[in-house]
Amino acid sequence: MEDLNIKIRNVINEKIGDELFKNINEVENDENLFNIGLDSLNIVKLIIEIENKFDIIFDDEEIATTNWKNINSIESMIKNKI
């Protein structure tokens with residue numbers, strides 16, 4: 001099975017990769033994604049794609065931007081759902 005970290009990076013690359021200032025594969029797991037171009041609209045795109053890809057649903061409180069600040073935080077939320 002493909003590593004969760006790689007799956008997350010693939011989703012980010014597919015959905016918003018062109019809008020980021022840096023290649024997602026060069027981003028450290030704890031690097032702030034908002035510093036490389038992530039914004040609230042991109043978060044919505046990611047939430048929809050991640051929910052579809054992993055067959056999960058995020059609760060309203062999990063949609064807070066602080067939960068989407070880096071790869072580690074996204075991975076942690078997904079792990080709590082699967």
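Select F58 to begin. Its relative accessibility is 4%, so F58 counts as buried. This is a predicted model, and every value on the tour is computed from it.

**Stop 1: the aromatic pair**

Now look at the two rings. A pair of aromatic rings is described by the distance of the centres and the angle of the planes. Here the centres are 5.2 Å apart. The planes make an angle of 80°, and the pair is edge-to-face. Search the whole structure and you find one aromatic pair. Where do F58 and W68 sit in the chain? Both are in the loop between α2 and α3, 10 residues apart. The pair links distant parts of the chain.

**Stop 2**

Now centre the view on I78. Leave aside its neighbours within four places in sequence. What is I78 in contact with? Show L4, I8, I50, F54, I56 and F58: I78 is in contact with each of them. F58 from the first stop is in that list.

**Stop 3: helix α2**

Next, pick out the buried residues of α2. They are N42, I43, L46, I47, E49, I50, E51 and F54. Which helices do they pack against? Show α1 and α3: the buried residues of α2 pack against both. An α-helix has 3.6 residues a turn, so residues three or four places apart point the same way.

Now go to the ends of α2. At the N-terminal end, select D39. It caps the helix. A side-chain oxygen of D39 lies 3.2 Å from the backbone nitrogen of L41. At the other end, select D55, which follows α2. The phi of D55 is positive, near 55°.

**Stop 4: a salt bridge to α2**

The structure holds six salt bridges. Start with E19 and K45. Their side chains meet at 2.9 Å, N to O. E19 is in the loop between α1 and α2, and K45 is in helix α2. They are 26 residues apart, so what you see here links distant parts of the chain. Are the two partners buried or partly exposed? E19 is partly exposed, with a relative accessible area of 37%. K45 counts as partly exposed as well, at 30% relative accessibility.

**Stop 5: the network around K81**

Move to K81 and show D59 and E62 with it. The three are linked in a network of salt bridges.

Take D59 and K81 to start. Their closest N and O atoms are 3.5 Å apart. D59 lies in the loop between α2 and α3 and K81 in helix α3, so the pair ties together parts that are 22 residues apart in sequence. D59 counts as partly exposed at 37% relative accessibility. K81 counts as partly exposed at 27%.

Then take K81 and E62. Here the closest N and O atoms are 3.0 Å apart. K81 is in helix α3 and E62 is in the loop between α2 and α3, 19 residues apart. Is E62 buried or exposed? E62 is buried, with a relative accessible area of 15%.

Stay on E62 and show what surrounds it. Do not count residues up to four places away in sequence. E62 touches I57, N67, W68, M77 and K81. W68 is the ring partner of F58 from the first stop.

**Last stop: G17**

Finish at G17, in the loop between α1 and α2. G17 is buried, with a relative accessible area of 18%.

Conventions:
Residues are numbered from 1 along each chain as its sequence is written. This is a predicted model: local features need pLDDT of at least 70, side-chain atom pairs count only at pLDDT 80 or more; totals for chains, interfaces and linings use all residues. Side-chain values use heavy atoms; hydrogens and water are left out. Contact means heavy atoms within 4.5 Å. Rings of Phe, Tyr and Trp (its six-membered ring) pair if their centres lie within 6.5 Å; planes under 30 degrees apart count as stacked, over 60 as edge-to-face and the rest as tilted. Helices (H or I, at least four residues) and strands (E, at least two) are DSSP runs, numbered from the N terminus. Buried means under 20% relative accessible area, exposed over 50%, partly exposed in between (1.4 Å probe, protein chains only). A salt bridge is a side-chain nitrogen of Lys or Arg within 4 Å of a carboxyl oxygen of Asp or Glu. A polar contact is a pair of N or O atoms within 3.5 Å; within protein, one must be able to donate a hydrogen and the other to accept it, and residues adjacent in sequence count only if both atoms are side-chain atoms.
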